[in-house]
Amino acid sequence: MMSGIWQRSFNIVFTILIAVVVWLIFGAVKALLFLCIALLWMVFQHIRHLVALEQWLRLSDHTSGSIPAGSGAWDDLFAHLARYVRQHSQSQERLSSALERMQRATAAMPDGIVILDESNRIEWCNPVAEHHLGIDLNLDTGQPIIHLVRQIPFVEYLSARRYSNPLILKQMRQQGLVLSLQLVPYGYNQKLLISRDITRFEKIETMRRDFIANVSHELRTPLTVINGFLETLSFTDDVSPDFNKRALTLMTEQATRMQRLIEDLLVLSRLEDMHNKIKEKTVNVADLLNDLLREAESLSAGRHRIKLILSANDKLRGSEEELRSAFSNLISNAIRYTPDRGEIVINWEKHNEQGLFFVQDSGIGIEKEHIPRLTERFYRVDSSRSRETGGTGLGLAIVKHIANRHEARLEITSEVGKGSRFSIWFPAKLMVSEN
Ligand code: ADP
C-alpha cells in the first residue's frame, strides 16, 4: 500500500526536487517555468488517458484486451478495469451457458411453457408452447396472452385466479388438438402457463364413454323385450298356449342376442389385453377352412353357392382359435350380407411369399365412405339388417385385432350392389411350406 502511494507520488516529488535544484542553480523564475512545463505535461498526460478511457467506453465490445495501456496511476486503474471486465465476461459466459442449458431443457420438454408478467403479457415461451398456442415468440413477446388464446373459458380461468385445477381447452387454431392448461403463480405476480397435449387421452376417454353407451344401448333392447313378456306373463292369468310359445321364442332369441354380445365383448377384451400373448402353433389352414366351409353351408342352408379355393398348401404360424374366429367372422358376414342365390368364394393363396386369405361375396356391397370405419366397435352401415341377421357390430373389430396380433393387414374392397372382398395379408415369416 505504501509502495503504491510512493510510486504514484514519485513523479510529483521528483519534479519538485528538480525544481528546487533548478531554483538553487538558475534562480526562482526558471524553477517556476520548469514547474509550469512539468505540470502542463502531467495535465496533458491525464487528458490523454481520459480521452483513451472515454473512447474505450464508447466501444460496443468491452473486452479486457481492448482496454488502453496507461502509465503511472492510470496503469493501475486500467489494470483494475481489465480485471473487472474479465470477471464480468466470465460470469456472463457462465450465465449465458446456464440460460442456454435451461432453454435446451425446456425445448426438450413435452409440455409447453409460457412465462407471463403481472399483466399477463408473454415474457417468454418454449417451442412446444409456440406450437400449442400459436405463439410466435419473436412477434408476440409483450403481447397479452388473451390476444392469442381468445377462448372465453381461458379468459375466465385467467381472471378467476383459481388455478388449482387445469383447464381443458379445444384449440381452435389446430383442428382436433385438445390441451390441458394450468397456471402456476410464482415470484412477484408472475405466472407460468403450462400446456399439455391431451388429444390422445381425450380420444380414449371419448371412446370409453361411447363404448359404455353403446353396450348399454345394445343390452337395453333385448332386456326390454324380455321384461315386457315377463310382466305380461306374470300379470295375465289366462295366457293362451300360442302367446306362451311366441313369448318363449322371442325371449330365447333376445337372450341369445345378449349372450352373443357378451361373448364377443369377452373375445375383444381378451384380444386387447397386452399380457395375453398369442398361443402360437402351426395351423393347417386347409383343414381349418374345410371345417369353416361346412359351418358356412349349414348357416346358408342352401341359399348361396359357396366355393372354397385352396391355391396354397402352406400352413400358418399363429393362434388357431383366433384365426378360426377371424375367418369365421368374415365368412358369416359374407353370408349375412349376400342375398339368396348369391355367390361366396373363400380363398387361401400365396402371393409374393405372403399368405393371402380372402372372402369374396356378390352381396349388397358397402359405400366407400363407410369402409374406413367398419372396424370400429358397433359401427354398422345398416343397423337393422345387422341385428336381424344376429350381428353384434363387433365382428370386424375382432377381425382387425386378430390381424394386428398376427402382424397381418386387413384389406376391404367393395362395390355397392356388386359385392365385397375382405382380405387378410399375412407376413411371409408366418408361412410354413409343406416341403
Ligand atoms: P355386424 O355384426 O353388424 O355384422 P361387423 O363388425 O361384422 O358387425 O360388420 C360391421 C358392418 O360392416 C356391418 O354392420 C355391415 O354394415 C358391414 N359389413 C360387414 N361385412 C359385410 C359384407 N360382407 N358385405 C356388406 N357389408 C358388410
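Helix H8 (residues 241-272) packs with helix H12 (residues 395-405) at an angle of about 25°, and their axes lie 10 Å apart; axes here are lines fitted to C-alpha atoms, for helices over the stretch in contact, with angles running from 0 to 180 degrees between N-to-C directions. H8 is therefore roughly parallel to H12, a term that applies to angles under 35 degrees. The model is predicted, so that local features need pLDDT of at least 70 and side-chain atom pairs count only at pLDDT 80 or more, while totals for chains, interfaces and linings use all residues. Residues are numbered from 1 along each chain as its sequence is written, and side-chain values use heavy atoms, with hydrogens and water left out.

**H8 and H12**
- H8 passes H12 in a left-handed crossing, meaning that the near helix is turned anticlockwise from the far one by less than a right angle.
- On the H8 side the contact (heavy atoms within 4.5 Å) is made by Asp264, Val267, Leu268, Arg270, Leu271 and Glu272, and on the H12 side by Ala397, Ile398, His401, Ile402 and Arg405.
- Sorted by class, the contact of H8 with H12 has six nonpolar, one polar and four charged residues.

**H10 and H12**
- Helix H10 (residues 320-336) packs with H12 at an angle of about 140°, their axes being 9 Å apart, and H10 passes H12 in a left-handed crossing.
- H10 contributes Glu322, Leu323, Ser325, Ala326, Asn329, Leu330 and Asn333 to this contact, whereas H12 contributes Gly395, Leu396, Ile398, Val399, Ile402 and Arg405.
- By class, the contact of H10 with H12 has seven nonpolar, four polar and two charged residues.

**H9 and H10**
- The axes of helix H9 (residues 285-300) and H10 cross at roughly 35° and come within 10 Å, and the crossing of H9 and H10 is right-handed.
- The contact of H9 with H10 has 10 nonpolar, three polar and three charged residues.

**Around the ligand**
- The ligand is surrounded by 22 residues, of which the closest are Arg336, Tyr337, Ser386, Gly393 and Leu396.
- A polar side-chain atom of Ser386 lies 2.5 Å from an oxygen atom of the ligand, and a polar backbone atom of Leu396 is 2.8 Å from an oxygen atom of the ligand.
- For Asp361, a polar side-chain atom lies 2.9 Å from a nitrogen atom of the ligand.

Methods. Helices (H or I, at least four residues) and strands (E, at least two) are DSSP runs, numbered from the N terminus. Angles under 35 degrees count as roughly parallel, over 145 as roughly antiparallel, 65 to 115 as roughly perpendicular and the rest as oblique. Ala, Val, Leu, Ile, Met, Phe, Trp, Tyr, Cys and Pro count as nonpolar, Asp, Glu, Lys and Arg as charged, and the others, Gly among them, as polar. A residue is near a molecule or strand if one of its heavy atoms lies within 4 Å of it. A polar contact is a pair of N or O atoms within 3.5 Å; within protein, one must be able to donate a hydrogen and the other to accept it, and residues adjacent in sequence count only if both atoms are side-chain atoms.
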